[in-house]
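This report describes a structure element by element. The sequence and the coordinates come first.

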Amino acid sequence: MIELINIHRNFLVGEQTVHALDDINLSVQAGEYISIMGPSGSGKSTLLNLIGLLDSATEGTYLLNRQDVTALPDALRAATRSKTIGFVFQAFHLISRLTAAENIELPLVLAGTAPEQRHPLVNKAVSEMDLTDRAHHTPEQLSGGQRQRVAIARATIMQPAILLADEPTGNLDQKSGQDVINILEQLNRQGITVIIVTHDSKIGQRATRQLKMVDGRIESDQNLSQSSASR
Amino acid sequence: MKTSRSDIVRFSWAALKGYPTRTILMLLAMSIGVAAVVMLTALGEGARGYVTNEFTALGTNLVIVFPGYSETSGLNPIAMVGSTPRDLTLDDAQVLTRNTNIRRIAPINVGAINASFQARSREVPVIGSSSELLNIRHWELAQGHFLPATDLDRATPVCVIGNRIRNELFATQAAVGQWIRLGDRRFRVIGIMGSEGRSIGVDVQDTIIIPVASAQQLFNTPSLFRILIEAKTRSAIESVKQSTIAILKERHQGKRDVTVITQDAVLATFDRILGALTYAVGGIAGISLAVAGILIMNVMLVAVSQRTAEIWLLKALGAPQRQIIRLILSEAIMLSTFGAIIGLLLGELGCFAIRQAFPDLPAYAPLWAVLTAIAVSLLSGFIFSLLPARQAARLDPVLALRGK
């Protein structure tokens, strides 16, 4: 599903070149549940952004569903993101002036889905995330856990094949964080490929596969399916 | 993948509502710009309308003869103040009546003299003319009769007085039939001018009108200040002008020593001057609209930097650069449109206030100014938002999502 071949991502900081990703080779199959761990600055988020087509590789090849998406033009990247990839961020990134339901609806609006088709999908998502009584509240009227559930609903409303979560529990208390992870795992069980960037080793251990990154390289790629089967 | 227009409008509307201070500031800038264009051009047009009305009120198909001649065409200020190398006389006026294209002639003589009735007296302007003056100038009588239709050279001791003179000299007494003294001569009041008898340069409410021959005697002068001629038709004006010049040239030993202007020429001159004035003030106000456009650009640039994370979230959710540009442009165009509408309303309200304060000034914004103001505001909103929109579309995703 995801094939990264000799990926490099360099940034120019002043006159120095920083190798954020250094010769990354990664293959992800559909339905996998992967955690990416590593210290700050190890390239976890850069890798996630690159997989999510928010960023482009300096060198190397990225195949998504066997299609080379390394140098797609902007419109095609956007279309691919819209159809294939959902994002969940640590800071939620909800639009404060829109209600929970309107935030969830946003990808459908941007995709040009007709209102009569949007509304049942939004209602279903709101119901699945247990947000029915909060649907018309703005983000500031919601708790952290509720905000992240809105963000997950928004990320999955287009029924993407891949869900990318960058520290999804970073701003949440333990209970809310647990709920969010449970939801992500449930989505994975429904067939969505889930890739989580996390600092939390407990969360990292729950995935079926764990990547450890150091200095822009994948230091270890560990299959945890046996241990996580007992979770 | 294309967001529908209604969704774009809805999204932009929510963004405008979400940042009320910014929205109000931009609306204010744009609406003041549009209102300025509307009001200033309305003032220019009002001034033009006012002058046109005043000149139209002088009479219809009017040709005016001044003593003295300048090579320049149109209105001659020197001639108007009476530089007279050769006098215009009553005989000149008499001869002109033979032209079949002329309907009426009113020779004019003016002066100022002391008027008195019993113990009351005051200095008054006096117009010496003929019975035709009333019709030529479209004046109205409030009471009595105007000057009798007699030969021009007959100095009948009668007068028609303005309403204010009547009030000042006669107070509550009846004026018609009474004798007043002008200088050392006595004149019988035969009529009172109506309230409508006001036109440019002359306030007939404050004037006494006597036969032209009487005025010549009173002021001891054989010359005329000017001759007012009413042509029979509009198309005859030019031929009346040319024949008047030819007749007077012949009578004055082959010298052209009069200036003949037509009402149309005067109107056209004022129309040109005031038209240019309207364009000038409209242009100045247009600059304020452009300034409002620059303000929109600045505020939109700030807005883009404030909403970096939101814009890149939209990208993360699948909005291509073109869609981001459309969203930002749509916000700016909505602002410009609302600003233009509010500005139009404010401008029209201002024009209404001007008309209420100065009823003689027809301060209505011309259609071209209204359309131009709307077009410029929309265009400046669009053009000045392109830069912020493009900047938004090119935001660095990684930095944006980190909120930097």
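## A strand pair in chain B

B:A106 stands opposite B:L228 of strand β11 in chain B. Strand β2 (residues 102–117) of chain B and β11(B) run antiparallel and are joined by six bridges; two strands count as paired if DSSP finds at least two bridges between them. Helices (H or I, at least four residues) and strands (E, at least two) are DSSP runs, numbered from the N terminus.

The model is predicted: local features need pLDDT of at least 70 and side-chain atom pairs count only at pLDDT 80 or more, while totals for chains, interfaces and linings use all residues. Residues are numbered from 1 along each chain as its sequence is written, and chains are lettered from A and ligands numbered from 1 in the order in which they are written.

A residue is buried if 20 or more other C-beta atoms lie within 10 Å of its own, exposed if 12 or fewer, and partly exposed in between, with C-beta atoms placed from the backbone. In a regular strand the side chains alternate between the two faces of the sheet. In β11(B), B:R226, B:L228 and B:E230 point one way, whereas B:I227, B:I229 and B:A231 point the other way, and all are buried.

## Helix α10(B)

Helix α10 (residues 308–316) of chain B is mostly covered, with eight of its nine residues buried. Among them are B:E310 and B:K315, along with B:I311, B:W312, B:L313 and B:L314. Just after α10(B), B:G318 takes a positive phi of about 110°.

## Chain A overall

Chain A has eight helices and ten strands. Of its 231 residues, 50% are buried. Among contacts in chain A with a separation of 6 or more, 68% join residues 24 or more positions apart; a contact requires C-beta atoms, placed from the backbone, to lie within 7 Å.

Strands β1 (residues 2–13) and β2 (residues 16–28) of chain A run antiparallel and are joined by nine bridges. A:L4 stands opposite A:L26 in β2(A). The two strands form a hairpin with two residues between them, and A:G14 in the turn has a positive phi of about 65°.

An open sheet of six strands in chain A has the order β6-β7-β8-β3-β9-β10 and mixed pairing. β6 (85–89) and β10 (217–223) of chain A stand at the edges with a single partner strand each, so one side of each is left without a neighbour in the sheet. The twist averages 15° from one strand to the next. β6(A) pairs in the parallel sense with β7 (residues 162–166) of chain A over five bridges, and A:F89 has A:D166 as its bridge partner in β7(A). Helix α1 (residues 44–51) of chain A packs on the sheet, touching β3 (33–37), β7, β8 (193–197) and β9 (209–214) of chain A, and its direction makes about 150° with that of β8(A). Helix α6 (residues 174–189) of chain A lies across β3, β7 and β8 of chain A, also at about 150° to β8(A). Axes are lines fitted to C-alpha atoms, for helices over the stretch in contact, and angles run from 0 to 180 degrees between N-to-C directions.

## Helix α4(A)

Helix α4 (residues 115–128) of chain A has 14 residues and reaches 20 Å from its first C-alpha to its last, close to the 20 Å expected at 1.5 Å a residue. The expected span is 1.5 Å times one less than the number of residues. A:V122, A:A125 and A:V126 of α4(A) are buried. Seen down the axis, the buried residues of α4(A) fall within an arc of 100°, so they line one face of the helix; the arc is that of the directions from the helix axis to the C-beta atoms.

Their cover includes α3 and α5 (144–156) of chain A. On the other side of α4(A), the exposed residues are A:E116, A:Q117, A:P120, A:K124 and A:S127. Just after α4(A), A:D130 takes a positive phi of about 60°.

## Where the chains meet

In chain A, 22 residues are in contact with 26 residues of chain B. α2 (74–84), β6 and α3 (100–110) of chain A are the elements that give two or more residues to the side of chain A that touches chain B. The largest share, six residues, comes from α2(A).

By class, this side of chain A has 14 nonpolar, four polar and four charged residues. Ala, Val, Leu, Ile, Met, Phe, Trp, Tyr, Cys and Pro count as nonpolar, Asp, Glu, Lys and Arg as charged, and the others, Gly among them, as polar.

Note on methods
Contact = placed C-beta atoms within 7 Å.
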